[in-house]
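Let's walk through this one together, starting with a single chain and then turning to where two chains meet.

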Amino acid sequence: MSTITDQAAGAAQDITVPAQPWRPPSYWPFVLPALIVVLSVIIFPWLFTIWMSFQEWKVGSPTTFVGFANYLRLPADPRFVEAVGHTLSYTALSVVLPLVLGTFAAVIFHIKFPGRGILRALFIMPMMATPVAIALVWTMMFHPQLGVLNYLLSLVGLPPQLWVFHPGTVIPSLVLVETWQWTPLVMLIVLGGIAALPTEPYESAQIDGATAWQMFRYITLPLIMPFLFIAAMIRAIDAVKSFDIIFAITQGGPGTASETINLYLYSVAFVYYDLGYASAIALVFFALIVALTAVLLILRKRAQWTGIDA
Amino acid sequence: MIGRIGLAFGVFLIVSPAILFFLWMISLSVKHEIDNAAYPPVFIPENFAWKNYADVLASNRFFTYFKNSVVVTGGATLLAMLVGVPAGYGIARMAAHKSAIVILIARITPGLSYLIPLFLLFQWLGLLGTLWPQIIIHLVVTVPIVIWIMIGYFETTPIELEEAATIDGATRWQVFRHVALPVAKPGLAVAFILAVIFSWNNFVFGIVLAGRETRTLPVAVYNMISFDQLSWGPLAAAALIVTLPVLVLTMFAQRQIVAGLTAGAVKGG
């Protein structure tokens with residue numbers, strides 16, 4: 001849309017004022033200060049990271065150019081390969097669960113009921129609260145002996161769990177926190193979609209005697225598909241980068257059982273101070289996020305072609 | 001009737017995890033160690049341990065960390081408003097939609113990848129003992145939020161008023177200052193609130209850049225864990241104090257927060 005209008009505006013200018021010398025657009029003074037800030041805190045770090053990724057650079061020693069050596073180290077680094085696996089499983093779970101629960105919550109919050117405003121405010125608190133602060137409380141709740149979660153399990157007759165203290169349950173336990181924290185965001189996005197739906201299909205479905213589930217499955221769900229894709233994309237980007245919760249609760253442990261790429265990147269950069277290698281990890285990590293976003297965009301296109309969101 | 005019970009159950013199901021969590025957080029923070037270590041757990045203690053809060057507030061470093069948080073969040077938010085609001089206006093009026101790609105890149109970049117080069121830069125500039133590195137790096141979070149939200153608001157504000165002012169001889173700056181800005185006030189509030197919250201909550205920049213004297217509250221609370229592994233009461237009290245300003249803001253500015261989050265900005269770093 002934007003490109004078409006841009007081109008049209010550009011074409012019109014070319015026709016009407018062909019001989020005028022180029023002048024800077026008059027809104028530039030408004031943008032310039034932000035441009036300087038963006039160049040220095042966003043663009044400069046990017047260029048510097050690219051340059052560093054081709055260097056052997058440990059803090060305290062001089063840099064040497066090593067070409068692609070840092071990148072070639074990656075597939076042979078078992079800790080990195082393992083971290084990729086953790087990141088993918090953590091992300092997959094952290095997209096699907098909030099998406100399902102958030103859609104359910106959006107359907108509920110779309111209905112008018114007394115106290116809806118205040119309950120919605122309480123519902124979105126987990127995502128606004130300081131992540132480190134809530135991670136701390138979750139750590140206490142996960143405690144195998146004194147934690148309240150095992151007490152709650154015992155109430156319904158389930159055996160106690162080791163939660164984040166066992167390699168086999170640490171990722172699902174962290175996903176539980178991530179889901180608790182970010183389901184509200186999915187709810188808000190989907191709620192925006194539901195609020196914009198037309199009412200006519202529901203009226204005619206009601207006349208035809210459709211059940212609430214049928215109406216959701218065959219009217220609501222197809223119509224909110226685009227919003228679900230947006231929510232999935234935002235969720236995937238955030239889950240892949242998740243740091244605060246994992247770092248504050250497990251530091252990637254036990255052992256390296258919950259070490260995602262982001263946590264490994266932290267260790268390489270600021271524990272081992274291997275800055276060249278860390279830069280290569282950062283760039284590959286970024287490429288992975290871009291690829292993930294692209295895959296979701298392609299899926300969305302395909303869903304449109306096959307007519308899922310008619 | 002059945003529908004109403006079902007709805008009540010559904011509401012309970014989705015809201016209770018949030019409510020119960022924060023109630024439990026409060027419970028942990030007002031209990032003595034003996035109650036926090038009890039099994040089965042005690043929800044409402046017989047003796048409230050207000051001392052937990054007094055201890056946190058009385059510790060001599062708490063106010064240093066609180067002040068650090070206020071300076072970093074305040075500085076990063078005000079600077080972001082100062083450069084971001086005019087930028088949002090300029091981008092909206094120039095219809096320079098492609099520039100939004102920079103914001104998108106900032107949105108998907110992991111915060112840690114800014115840290116490596118900027119850490120070296122701050123070290124080289126000799127800024128590491130001060131709060132400046134944190135203020136500057138928090139701009140990575142606040143500037144994209146402010147620009148993104150303000151583009152959205154300025155695109156929807158009517159351009160006719162501005163054209164009329166221009167015909168009356170107002171300069172572009174005057175049009176911005178006296179016509180566009182007052183109309184965009186709700187947007188300013190949204191941008192400000194979200195920038196404050198996401199800067200206040202930020203943790204990853206602090207653990208790398210903050211020294212003992214320059215910690216912000218989230219970093220300070222994290223550092224309490226290793227020293228006070230077993231004193232849950234004061235730890236929970238500290239966690240609650242850190243996040244309380246954000247929770248209060250969420251309660252009172254729910255409308256602005258929801259508007260901002262659904263505009264697609266949503267947290268950086």
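What share of the 310 residues in chain A is buried? Buried residues make up 40% of chain A, where buried means that 20 or more other C-beta atoms, placed from the backbone, lie within 10 Å of the residue's own. Bear in mind that this is a predicted model, in which local features need pLDDT of at least 70, side-chain atom pairs count only at pLDDT 80 or more, and totals for chains, interfaces and linings use all residues. Residues are numbered from 1 along each chain as its sequence is written, and chains are lettered from A in the order in which they are written.

Chain A has 13 helices and two strands; these are DSSP runs numbered from the N terminus, with helices being H or I of at least four residues and strands E of at least two.

Now for the partner. The contact takes 65 residues from chain A and 72 from chain B, counting two residues as in contact if their C-beta atoms, placed from the backbone, lie within 7 Å. On the chain A side, α2(A) gives the most, with eleven residues.

Let's zoom in on that helix.

How values were computed. Buried ≥ 20, exposed ≤ 12 C-beta atoms within 10 Å, placed from the backbone.
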